[in-house]
Amino acid sequence: LPVVFCSLGRPRPNVWSGLPHFASEFCTDCGQGVQLPDGSFVYIVVVQLMPDWEPKDHSKALPCCNNSVVAYVSKDGQSWEYTSAVAPYDVAKYNGMEGPNECALVLLRDNRTLFAVMRVDGGDGPIGIKPLLPATSLDGGVSWHTAPLPTDMLAAQPRAVVLDNGALLVTVGRPGV
């Protein structure tokens with residue numbers, strides 16, 4: 001599978017490798033990363049796995065995406081290796097919706113628990129807006145566990161931060177919304 005090279009103002013590019021499927025989109029801006037106590041890094045990225053949906057009849061609008069959120073790890077912050085699917089696209093679950101995308105990642109106060117939160121769909125599809133999807137990892141991003149949030153916790157572009165008192169704050173919405 002191809003390797004993704006990305007460089008923005010650095011002497012050498014970031015290298016993202018190991019994704020077990022071809023991707024038609026690879027969005028690091030849609031994700032976020034953290035540094036672990038051992039100095040290594042975990043970063044979550046939004047990918048559209050191939051093949052993309054393509055309407056046979058181009059006069060019919062079909063969903064644009066089959067998004068998944070995946071995790072990468074790095075020792076130096078430049079060479080990244082795929083480690084796991086945080087929230088893979090599931091056609092039975094999302095049935096024509098975008099799937100997991102726009103996400104945030106934080107390391108909780110215990111310095112062990114990774115908390116990710118993702119938008120699932122923007123409400124422009126046939127089902128409507130879906131609640132945010134959280135995921136946690138206790139092993140540095142190797143495995144992830146999801147649990148439902150209240151159904152009224154929905155919107156776009158979630159951001160998360162751990163406050164000085166240990167409380168987790170999650171905000172949602174785009175500028176101007």
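Tyrosine 72 has tyrosine 82 as its bridge partner in strand β6. This is a predicted model, so treat each position as computed.

Start from that pair and look at the two strands around it. Strand β5 and strand β6, which covers residues 79-87, pair in the antiparallel sense. Five bridges hold that pairing. The two strands form a hairpin, with four residues between them. Find glycine 77 in the turn: its phi is positive, at about 80 degrees.

Now turn to the other partner of β5. Strand β4 runs over residues 41-49 and pairs with β5 in the antiparallel sense. Here there are eight bridges.

How many of the eight residues of strand β5 are buried? Seven are, so the strand, residues 67-74, is largely enclosed by the rest of the structure. Buried here means under 20% relative accessible area.

Four strands form an open sheet in the order β7-β8-β9-β10, with antiparallel pairing. Strands β7 (101-107) and β10 (145-146) stand at the edges. Each has a single partner strand, so one side of each is left without a neighbour in the sheet.

Strand β8, residues 114-119, and strand β9, residues 133-137, run antiparallel and are joined by five bridges. One place to check is phenylalanine 115, which stands opposite threonine 136 in β9.

Keep one rule in mind as you follow any strand. In a regular strand the side chains alternate between the two faces of the sheet.

Definitions and conventions
Residues numbered from 1 in each chain as written. Predicted model: local features only at pLDDT ≥ 70, side-chain atom pairs only at ≥ 80, totals over all residues. Heavy atoms only, no water. Buried < 20%, exposed > 50% of the residue type's maximum accessible area, 1.4 Å probe, protein only. Pairing = 2+ DSSP bridges.
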